[in-house]
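Student: I would like to go through a model with you before I use it. Could we begin with the structure itself?

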Amino acid sequence: MNYTFASATILLILITDPIGNIPIFANALKHVTPERRARVILREVLIAFLLLLTFMFIGESFLRVMNLSELSLQIGGGVILFLIALRMIFPPPKVESDETLGEPLIVPLAIPAIAGPSALATVLLLVSQAPEKRLEWIAALCVTMSVSAVVLVLAERIQRVAGDRFVVALERLMGLVLVAVSIEMLLRGIKTFITQLA
């Protein structure tokens, strides 16, 4: 699948899922004073950005060290995206977890809420498929992180204005689009594999 700057940006926004992260951030930042929340969100988004950017630069070396082909990454990435998309459409029941008092750092906001396994696999896939477009992928990642930062900083206002039902509906719509993207990725990977066998 030949990605462009626009399609890569949309894919990364769907995978990092800023709308779906609103409840996660709201819960994690409950014990942080309101005036500190924006700074914490921006810090976590920056940490996630740096991690994903690092993966963009060491991606090819990582694939060589692990002896992974672009094809296996494409099929594996498709499977992961499909599972993530299903969870967006059919979210699992909420489980009460131990609340972390104080200010969260790196976990669970930067990793895995923003820079989770699917996001890491996607940046690896983009760079492995078209390393000559690395600057485009970096720009797409910058736009994605900017969108995430804006959405998460304005999360409380979005929830107040739009309401919880709209947020849930929007996340499920994003999940539906991501299902189509993941199936397309899987089909292309399988097609390439069959071609190689023939």
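Student: What should I know about the source and the numbering?

Tutor: This is a predicted model, in which local features need pLDDT of at least 70 and side-chain atom pairs count only at pLDDT 80 or more, while totals for chains, interfaces and linings use all residues. Residues are numbered from 1 along each chain as its sequence is written, and side-chain values use heavy atoms, with hydrogens and water left out.

Student: How many helices and strands are in the chain?

Tutor: The chain has nine helices and zero strands. Here helices (H or I, at least four residues) and strands (E, at least two) are DSSP runs, numbered from the N terminus.

Student: How does the radius of gyration compare with the globule rule?

Tutor: The radius of gyration is 17 Å, close to the 16 Å that the globule rule gives for 198 residues, so the chain is as compact as a globular protein of that length. The radius is taken over C-alpha atoms, and the rule is 2.2 Å times the number of residues to the power 0.38. Along the principal axes, the C-alpha atoms fill a box of roughly 60 × 30 × 30 Å.

Student: What share of the residues is buried?

Tutor: Of the 198 residues, 41% count as buried. Buried means under 20% relative accessible area, exposed over 50%, and partly exposed in between (1.4 Å probe, protein chains only).

Student: And the total surface of the chain?

Tutor: The accessible surface comes to about 11100 Å², and 68% of it belongs to carbon and sulfur atoms. Such areas come from the Shrake-Rupley method with a 1.4 Å probe; for residues, only the protein chains shown count as cover.

Student: Turning to H1, what span should its 12 residues have?

Tutor: At 1.5 Å a residue, helix H1 (residues 5–16) should span 16 Å, and its end C-alpha atoms are 16 Å apart, which agrees. The expected span is 1.5 Å times one less than the number of residues.

Student: Which residues of H1 are buried, and what do they pack against?

Tutor: The buried residues of H1 are Ala-8, Thr-9, Leu-11, Leu-12, Leu-14, Ile-15 and Thr-16. They pack against several helices, including H2 (18–28), H6 (117–129) and H9 (164–197).

Student: What about H6, then: how many of its residues are buried?

Tutor: H6 is mostly covered, with 11 of its 13 residues buried. Leu-120, Val-123 and Leu-126 are among them. The cover includes H1, H3, H4, H5, H7 and H9.

Student: Staying with H5, is Ala-110 buried or exposed?

Tutor: Ala-110, in helix H5, counts as buried at 0% relative accessibility. Not counting residues up to four places away in sequence, Ala-110 touches Glu-44, Ile-47, Ala-48 and Ala-115. Ala-110 and Leu-46 are 64 residues apart in sequence and 8.1 Å apart in space, C-alpha to C-alpha.

Student: One last topic: where does Ser-69 sit?

Tutor: Ser-69 is in the loop between helix H3 (34–65) and H4, and with a relative accessible area of 38% it is partly exposed. The C-alpha atoms of Ser-69 and Asp-164 are separated by 42 Å.

Key
Contact means heavy atoms within 4.5 Å.
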